[in-house]
Amino acid sequence: MKRNYLAQALGLLAALFAAILIAVMLELAALPPPAVNLPDAVGVRMEATGVAHPVTAVLLNFRGYDTLLEIGVLLLALLVVLAVAPHGEKAPPNPSSRADPVLQTLARIAVPLMVLAAVYLLWAGAYQSGGAFQAGAVLGAAAVLLHLAGLLPRWDTPGARLRIGLAAGFLAFIAVATALLGQGALLQYPPAQAGSLILLIEAGLTLSLGLILAGLFLFLS
Amino acid sequence: MSTGLIFASAGALLFAMGLAGVALLDHLLRRILAFNLMGSGAFLVLVGLAQRTGVADPVPQAMVLTGIVVAVAATALALALARRLFTLTGDYKLHDRRPRADEG
């Protein structure tokens, strides 16, 4: 009984917190616009970025450092998952025993199209919404779909090729960053080659992200 | 009230709901989901507040895109740890070291 009252009181407290949060935010929004206009600052320098979409320009050019650390964080998360995942504790269930033929047929049709969609998203990122992260998510989802349909067994211990694939995006990114260090700043692309360098990094990121996101599911399943 | 502000208000609501969930729920799976709700709320606040004047700002959008991917990785990590806890203790709950006085 005591717990019940406590939960109700805390629930009321949370509602109050939400109300205060919204009130503060509305107050904040009523302030005059900030002196630094970020959309304009991005727009002015778009020609030098090598891409035509502002979000991609911010992700891989202006704030490339963030994205480098992000793929590092993902790799780190996968390493910890590998460290705590059960290795060979139980035999994986026979995939074909629980396979649904309708799901299998659907997966066989859908997965090639998903790979195609991932390549398109990667390419489209240069000039519209899209890019390496969306493409990698579609690739990862394709692998998860194959696993759920019983067509792809769970991953146990990554082999040499899988390890290279998992690290490729991070390594490609670091290689580009190191090669450009001679310019004086980390990840400052020369404008003439910026477009192709970003495409190279994004291709590596797509492959690695797809494998990492798939691995987060398949190493644990 | 612009669309961006409505998004931001919904984000603040989601954040508070997630916070209440993290504080009140016992089951670790529900707690992880509540934590994700908090994250989604924060993302909505960032994107919504930035476009309150009607012009989309690419900088917070890129930040949120980075945040979403990191949140996915953190969720997977939390799930892996929760499952490890389940194999070790047979339970999806965090137990206090000493039994609580107000239990039951």
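Tutor: Helices (H or I, at least four residues) and strands (E, at least two) are DSSP runs, numbered from the N terminus. This is a predicted model, in which local features need pLDDT of at least 70 and side-chain atom pairs count only at pLDDT 80 or more, while totals for chains, interfaces and linings use all residues. Residues are numbered from 1 along each chain as its sequence is written, and chains are lettered from A and ligands numbered from 1 in the order in which they are written.

Student: How many helices and strands are there in chain B?

Tutor: Chain B has three helices and zero strands. Read from the N terminus, the order is α-α-α.

Student: Why is chain B described as more spread out than a compact globule?

Tutor: The radius of gyration is taken over C-alpha atoms, and the globule rule is 2.2 Å times the number of residues to the power 0.38. For the 104 residues of chain B the rule gives 13 Å, but the radius of gyration is 17 Å, well over that, so the chain is more spread out than a compact globule. The C-alpha trace of chain B spans about 55 × 30 × 15 Å along its principal axes.
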